Amino acid sequence: MLAAHQLRWGIDQWVAFLKDKTIPVLPETPGRLAALQEHLDGNVAPRDVTAIVLQDPYLALKLLLRVEGHRSKTLGQETTTALGAVLQAGIDGLLRTAADAPPADATRAGLNDCVARAVTAARIARAWASQRSDISSEEVALAALLAESGELLLWHFAPELPQKAMDELRSGRALRTLQAQQQTVGFSFKQLSLTLVDAWALPVLIAQLIRGADTPRANIARLAGDTARHVITHPENPAIPADVVYVGRLIPGASLEALIAPLPISAEFKQRVLLAVARQGAHEDVK
Amino acid sequence: MKSRTIVPLDVERTMREDEYIVSTTDPQGRITSVNDVFVDYSGYAREELLHAQHNIVRHPDMPRAVFWLLWHSLQNGEDFMGYVKNLGKDGTYYWVFAHVLPERNANGEIVGYRSVRRAPKREAIAKVTSLYTRMQAAEQAVAPKDAIAAGLRVLGEALAEQNLSYEEMVARL
């Protein structure tokens, strides 16, 4: 339970509070890693565990902080992919990181929704970005996974705050997400994420992709986040066809089937989305 | 031609499932590009649409509060989704489900908005018509300077009744 004075904190105080906290992992993550080791008889390859890292934004963040904290700032490249973080940490380092971490409270529906949005966004971002040969799909995926780090940490360490923001929306006292967050805590959770990324001195690219400048990588990461939010809100959200139209402009060489394939929606709705966007006029550029 | 000089008819044009109206505006809402489907449904020539304010197709049945929400969302960098009734040049109307995104430059500054509008589900139109009728009644019952607040209040109460956010309600209609 938050103390009364914490309810009056501004963004700088929350960043100071959160940036050195011990980040949890999802309760199922240690089991997934153990099962993987058992299945592969201990011969676990980095790519195998990377798939598990991309299912747990808390673990991804912990790992990135660990490897970036150990990297020499004058030598060594920044780590901007989940696989890169796994390689830097080593399998044993990753397993220790996960084993030593406290579990996140999976009984909180809001935390689970936030995790689902992050994981879904990363999956969609990776699939979409892989359709372009000029960008790293792994970088876009990691940025999409970490874009809601601020809100993820609040759900674990100060759940009252994102819960209050959600209550503002569902009570009709706020009609927009940013408005709800401003009314509740005085800052946006996205700004909290970006300020934390700066405080942790995470790779500049990650911050750029989360901030959302007009680059193909950042736009794909942002659209993947929006689409994940739409799908989590409702699996047949009427916004989804427009999401496909928007991302089609960023990846002009991709087939509509390839853009729709990674969306976690039913096969029947995928077919309806495909029919809805397949007409030439939907994919044309406007004049 | 501004929408207020057009007499609305009770004649609906229904968008096909596979049609999309795609357009862009500058940050002030002036249309900067349109596609053929927009030209078709609006009834305006391309030259009439370009550089016109997007409210050229605003239908008088639409509550002012919905457009307030749209513009405040976009100006704060958020996307907007909603059901909108539009007025054609010939007085006919057409419903759309609109999804609007801010567009940014390399510095992350908003440089305009892009909209994709498509055919809404018929059952959603019935539900949203009822809500919009109540919102507009509230807006017209007060002084113009208080109208938007009155419309937003009705919308807020509808959300509270359902314990849904605006985005959740729109997605479920």
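This is a predicted model: local features need pLDDT of at least 70, side-chain atom pairs count only at pLDDT 80 or more; totals for chains, interfaces and linings use all residues.
How many cavities of 30 Å³ or more does the structure hold? There are two.

## The largest cavity

Let's start inside chain B. The largest cavity has a volume of about 60 Å³. Its lining is made up of Val66(B), Gly82(B), Tyr83(B), Val128(B), Leu131(B), Tyr132(B), Met135(B), Leu155(B), Tyr166(B), Met169(B), Val170(B) and Leu173(B). Two or more of these lining residues come from each of strand 3 (80–87), helix 4 (122–140) and helix 6 (166–172) of chain B.

Which element gives the most to this lining? That is helix 4 of chain B, with four residues.

Next comes an open space: the second largest pocket holds about 350 Å³. It is lined by 22 residues, and those closest to its centre are His54(B), Asn55(B), Phe67(B), Leu70(B) and Trp71(B).

Several elements of chain B share in this lining, with at least two residues each from strand 1 (20–25), helix 3, strand 3, strand 4 (93–104) and strand 5 (110–118). Sorted by class, the lining of the second largest pocket comprises ten nonpolar, nine polar and three charged residues.

Over in chain A, helix 16 spans residues 267–277, and its buried residues include Phe269(A), Val273(A), Leu274(A), Ala276(A) and Val277(A). Looking down the axis of this helix, the buried residues fall within an arc of 160°, so they line one face of helix 16.

What does the face turned away from the buried side of helix 16 of chain A carry? There you will find the exposed residues Ala267(A) and Leu275(A).

## Two positive phi angles

Ala201(A) is not a glycine, yet its phi is positive, at about 55°. This residue sits in the loop between helix 11 (189–199) and helix 12 (204–211) of chain A. Ala201(A) is partly exposed, with a relative accessible area of 41%.

Where does His51(B) have its place? Look in the loop between helix 2 (46–49) and helix 3 (64–75) of chain B. His51(B) is exposed, and its relative accessible area is 65%.

Notes: Residues are numbered from 1 along each chain as its sequence is written. Chains are lettered from A and ligands numbered from 1 in the order in which they are written. Side-chain values use heavy atoms; hydrogens and water are left out. On a 1 Å grid over the protein atoms alone, a cavity is a set of points where a 1.4 Å probe fits but cannot get out, and a pocket is an open set with protein on both sides within 12 Å along at least five of seven lines; lining residues have an atom within 4 Å of a point. Grid points are joined across faces, edges and corners, and a volume is the space filled by probe spheres set on the points. Buried means under 20% relative accessible area, exposed over 50%, partly exposed in between (1.4 Å probe, protein chains only). The arc is that of the directions from the helix axis to the C-beta atoms. Ala, Val, Leu, Ile, Met, Phe, Trp, Tyr, Cys and Pro count as nonpolar, Asp, Glu, Lys and Arg as charged, and the others, Gly among them, as polar.
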